[in-house]
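The following exercises are to be worked with the sequence and the coordinates at hand. Each task is followed by a solution in steps.

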Amino acid sequence: LPLSLFLKETLENNFITSVSFRNNDKDEFIVGLNVSRKKSHFLKTLTAELVEKHKSIISIVVCEEEKNKYNTLFGKGRIKENILGFNYNISIDDFFQTNKEQTEKLYSKVLEYAGNNLGVVVDGYCGVGSMTLPLSKVSKKVYGIEINETSVNDAIRNKEMNNVNNVHFILGKTEEKIKEISEEIDLIVID
């Protein structure tokens, strides 16, 4: 796509309001386009050009500002990542740590401090379950609480994909939903 056309649509017509990227350790990318309105022809052209010229793009999603929901233009709408032996599918608007090496160091330290044979653990603001799933190895039961519905849906898929059975994800505000847990909580992790 000629840069001049992209700039015209972005700057002059105020069509593309922002662009976001997420990549993984395989150097694959998902591209998120936020647009002021839907222009199907332009989006199809842009998608085809991006995919043709940048083979590392595995998915492109678009969000119309007034709808505040991403739709997939190309690929599966998610990117895969592995942290501490757990596989994750991550959407463009999910919370997920961006530095894999530091994330693994941080999560390993949390697990070290947590110890073993915990009863009930709560992972507040859990995103897609990147800390929740590793905590399942040292706990009888883990609750992951997250306000973003897309993240909770991805977290449930991640739990199932990794065959983890002692994790339960809750949609809502951590400070409210934690009060609904009736069991005695041994550890609360806030990341």
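## Exercise 1: A surface patch

In this predicted model, Tyr125, Ile188 and Ile190 make a nonpolar surface patch of about 300 Å². Determine in which strand Ile190 lies, and whether Ile190 counts as buried or exposed.

**Solution.**
- Step 1. Ile190 is placed in strand β10, which covers residues 187-190.
- Step 2. The relative accessibility of Ile190 is 53%. The cut-off for an exposed residue is over 50%.
- Step 3. Ile190 therefore counts as exposed.

## Exercise 2: The sheet that holds β10

State the strand order and the pairing of the open sheet that contains β10, and identify which strands stand at its edges. Then find the residue that stands opposite Ile190.

**Solution.**
- Step 1. The four strands of this open sheet follow the order β9-β8-β7-β10, and their pairing is parallel.
- Step 2. The edges are taken by β9 (167-171) and β10; each has a single partner strand, so one side of each lacks a neighbour in the sheet.
- Step 3. From one strand to the next, the twist averages 20°.
- Step 4. Strand β7 (residues 118-124) pairs with β10 in the parallel sense, over four bridges.
- Step 5. The residue opposite Ile190 of β10 is Gly124.

## Exercise 3: A mixed sheet

Describe the open sheet with mixed pairing, and name the bridge partner of Val62 in β4.

**Solution.**
- Step 1. The order of the four strands in this sheet is β1-β2-β3-β4.
- Step 2. Its edge strands, β1 (16-23) and β4 (70-74), each pair on one side only.
- Step 3. The strand-to-strand twist averages 25°.
- Step 4. Strands of a sheet pair through backbone hydrogen bonds, either parallel or antiparallel. For β3 (residues 57-64) and β4 the sense is antiparallel, with four bridges.
- Step 5. Val62 has Asn71 of β4 as its bridge partner.

## Exercise 4: A loop residue

Locate Arg78 relative to β4 and β5, classify its accessibility, and give its C-alpha distance to Asp93.

**Solution.**
- Step 1. The loop between β4 and β5 (79-83) contains Arg78.
- Step 2. Arg78 has 26% relative accessibility and so counts as partly exposed.
- Step 3. Between Arg78 and Asp93 the C-alpha to C-alpha distance is 9.8 Å, at a separation of 15 residues in sequence.

## Exercise 5: Cysteines

How many disulfides are counted, and are Cys63 and Cys126 buried or exposed?

**Solution.**
- Step 1. With sulfur atoms required to lie within 2.5 Å, the count is zero disulfides.
- Step 2. Cys63 is buried, at 5% relative accessibility.
- Step 3. Cys126, with a relative accessible area of 4%, is buried.

Conventions:
Residues are numbered from 1 along each chain as its sequence is written. This is a predicted model: local features need pLDDT of at least 70, side-chain atom pairs count only at pLDDT 80 or more; totals for chains, interfaces and linings use all residues. Side-chain values use heavy atoms; hydrogens and water are left out. Patches are made of residues with over 30% relative accessible area and no salt bridge: like charges are joined within 9 Å, nonpolar side chains (Val, Leu, Ile, Met, Phe, Trp, Tyr) within 5 Å. Accessible areas come from the Shrake-Rupley method with a 1.4 Å probe; for residues, only the protein chains shown count as cover. A salt bridge is a side-chain nitrogen of Lys or Arg within 4 Å of a carboxyl oxygen of Asp or Glu. Helices (H or I, at least four residues) and strands (E, at least two) are DSSP runs, numbered from the N terminus. Buried means under 20% relative accessible area, exposed over 50%, partly exposed in between (1.4 Å probe, protein chains only). Two strands pair if DSSP finds at least two bridges between them. Axes are lines fitted to C-alpha atoms, for helices over the stretch in contact, and angles run from 0 to 180 degrees between N-to-C directions.
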